[in-house]
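Reader: I have a model open on my screen. Can you show me how to read its fold, its core and its pocket?

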Amino acid sequence: MNLVKKLFVGVLFLSGVSACTTMNSVPLSNYTVFTEDLRRDLESANIPLEKVQFFNDKAINIRREVSDPNDIKVNLEGQITMSNGKSIQTINVLPFTPGVSLGSDNGTINVSWDDTQQDTKGMKFNLSGQNYFLDVLPNNKFEYKQRTFDL
């Protein structure tokens, strides 16, 4: 009976250790890069992009300074901090976070990583060559939820 208990504790320990591995340790080879060719293949097979699970391969970190404290809403997707008396909203999407397409157009796709399902438009990605990249405005600015953020 002691052997069974030791095996059970050992399996629980190993399960706990493996559950503690970060998504950063997942090899990129376990994922397929979303390219324009893959998009065409999906569309020709009548598979809507909304049914495809997306993952970001790099961290997405955006922040904005908020001048009006009433403009801030604390929610699950961002953190509010004070810096030199100014409010800063930060949104961080860790690598390999699962996302879903909220819409697409020719050469663009909008992906959301918001698990609260309050994001109605997502983050915009544009086609460049065969690959899709985050839609970055001049001066490293990014438009999200009708707000302008710094990258």
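Author: We will take the chain as a whole, then the core, then the pocket. Keep in mind that this is a predicted model.

Reader: Start with the fold. How many helices and strands does the chain have?

Author: Two helices and 11 strands. Read the order from the N terminus: α-α-β-β-β-β-β-β-β-β-β-β-β. Next, look at sequence separation. Of the contacts between residues at least 6 apart, 51% join residues at least 24 apart.

Reader: What share of the chain is buried?

Author: Buried means under 20% relative accessible area. Here 29% of the 151 residues count as buried. The chain exposes about 10,600 Å², with 54% of that from carbon and sulfur atoms.

Reader: Now the core. Which residues have the most contacts inside the largest nonpolar core?

Author: I62, I109, M123 and F125, in a core of 18 residues. Strands β2 (60-66), β4 (86-93), β6 (108-112), β7 (123-128) and β10 (141-144) each give two or more residues to this core. Take I62 and skip its neighbours within four places in sequence: its contacts include I91, M123, F142 and L151.

Reader: And the pocket? How do I find empty space?

Author: Rolling a probe the size of a water molecule over the atoms shows where empty space is left. In this model, the largest pocket holds about 750 Å³.

Reader: Which residues are closest to the centre of the largest pocket?

Author: F34, F55, N56, D57 and Y132, out of 25 lining residues. The lining divides into 19 nonpolar, four polar and two charged residues. β8 gives the most, with four residues. α2 (36-44), β1 (53-55) and β6 each supply at least two.

Definitions and conventions:
Residues numbered from 1 in each chain as written. Predicted model: local features only at pLDDT ≥ 70, side-chain atom pairs only at ≥ 80, totals over all residues. Heavy atoms only, no water. Core = buried A, V, L, I, M, F, W, Y, C linked by side-chain atoms within 4.5 Å. Buried < 20%, exposed > 50% of the residue type's maximum accessible area, 1.4 Å probe, protein only. Contact = heavy atoms within 4.5 Å. 1 Å grid on protein atoms, 1.4 Å probe; cavity = no way out; pocket = protein on both sides within 12 Å on 5 of 7 lines; lining within 4 Å. Points joined across faces, edges and corners; volume = space filled by probe spheres on them. Nonpolar A, V, L, I, M, F, W, Y, C, P; charged D, E, K, R; others polar. Areas by Shrake-Rupley, 256 points an atom, 1.4 Å probe, with all protein chains shown as cover.
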